[in-house]
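Subject: Structure handover

Hello,

Here is the structure you asked for, with the sequence. My notes on it follow below.

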Amino acid sequence: MRAGDELPTLTIPLTRTLIVAGAVASRDYQDVHHDAEAARAKGSPEIFMNILTTNGLVGRYITDHFGPRCTLRKVAIRLGAPNYPGDTMVLSGTITEVSDGEAVVRVVGANGIGHHVTGTVTVGLPEGTV
């Protein structure tokens with residue numbers, strides 16, 4: 001593993017169930033994450049995913065690649081284009097740095113209208129990985 005290595009992509013179908021369940025599981029009861037009429041009344045064409053669900057999916061993407069013994073040390077993400085039901089998000093990542101038992105990964109999650117999430121994840125690697 002070294003800087004420049006790319007992680008395999010992860011494709012996530014954006015279902016209404018995923019969006020609502022993620023909001024409920026993270027105790028985010030904002031109506032724009034589960035009530036289409038309320039979302040439209042507030043200017044959105046549809047309900048949309050909350051940042052906590054996105055954060056969880058980014059974490060899953062990293063741990064799927066590095067394994068269950070890795071440690072998420074820092075997740076710094078920024079949201080862009082909303083994730084609406086019926087679309088698909090594709091997560092991709094590039095290792096930008098590897099040192100002292102850690103790796104830094106640049107992560108992008110793109111959907112049909114643009115980049116939903118961008119950021120970096122610092123992951124602690126199990127001993128003997130690097």
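Glu46 has a relative accessibility of 17%, so it counts as buried, the limit for that being under 20%. Please keep in mind that this is a predicted model.

Salt bridges

The partner is Arg16, and the closest N and O atoms of the pair are 2.9 Å apart. Arg16 belongs to helix H1 (residues 16-25), while Glu46 sits in the loop between helix H2 (36-41) and H3, so the bridge ties together parts that are 30 residues apart in sequence.

In general, side chains of opposite charge can pair when their charged atoms come close. The structure holds four such salt bridges, and two others are described here.

One of them joins Lys42 and Asp31, with 2.8 Å from N to O. Both residues are in loops: Lys42 in the one between H2 and H3, Asp31 in the one between H1 and H2, so the pair connects parts that are eleven residues apart in sequence. Lys42 is exposed, with a relative accessible area of 54%. Asp31, at 21%, counts as partly exposed.

The other joins Arg73 and Glu102, again with a value of 2.8 Å from N to O. Here the two residues come from strands: Arg73 from strand E2 and Glu102 from strand E4 (residues 102-111), so the bridge ties together parts that are 29 residues apart in sequence. Arg73 is partly exposed at 49%, and Glu102 is partly exposed at 26%.

Counting charges over the protein gives 11 positive and 13 negative side chains. The centres of these two sets lie 2 Å apart.

Overall layout

The protein has three helices and five strands. Read from the N terminus, the order of elements is β-α-α-α-β-β-β-β. Its C-alpha atoms fill a box of roughly 50 × 25 × 20 Å along the principal axes. Of the 130 residues, 40% count as buried. Among contacts between residues at least 6 apart in sequence, 64% join residues at least 24 apart. The accessible surface is about 7100 Å², and 50% of that belongs to carbon and sulfur atoms.

Leaving out residues up to four places away in sequence, Thr54 touches Met49, Ile77, Leu79, His116 and Val117. One of these, Ile77, is 23 residues from Thr54 in sequence, and their C-alpha atoms are 9.0 Å apart.

Leu52 also lies in helix H3 (residues 51-66), but Leu52 is partly exposed, with a relative accessibility of 45%. Together with Ile51 and Leu79, Leu52 forms a nonpolar patch on the surface, with about 240 Å² of accessible area.

Ala76 is in strand E2 (residues 71-79) and is partly exposed at 32%. Beyond its neighbours within four places in sequence, Ala76 is in contact with Thr118, Gly119 and Thr120. Pro126 is 50 residues from Ala76 along the chain, and the two C-alpha atoms are separated by 21 Å.

Regards

Conventions. Residues are numbered from 1 along each chain as its sequence is written. This is a predicted model: local features need pLDDT of at least 70, side-chain atom pairs count only at pLDDT 80 or more; totals for chains, interfaces and linings use all residues. Side-chain values use heavy atoms; hydrogens and water are left out. Helices (H or I, at least four residues) and strands (E, at least two) are DSSP runs, numbered from the N terminus. Buried means under 20% relative accessible area, exposed over 50%, partly exposed in between (1.4 Å probe, protein chains only). Contact means heavy atoms within 4.5 Å. Accessible areas come from the Shrake-Rupley method with a 1.4 Å probe; for residues, only the protein chains shown count as cover. Lys and Arg count as positive and Asp and Glu as negative; His and the chain ends are not counted. The place of a charge is taken as NZ of Lys, CZ of Arg, CG of Asp or CD of Glu. Patches are made of residues with over 30% relative accessible area and no salt bridge: like charges are joined within 9 Å, nonpolar side chains (Val, Leu, Ile, Met, Phe, Trp, Tyr) within 5 Å. A salt bridge is a side-chain nitrogen of Lys or Arg within 4 Å of a carboxyl oxygen of Asp or Glu.
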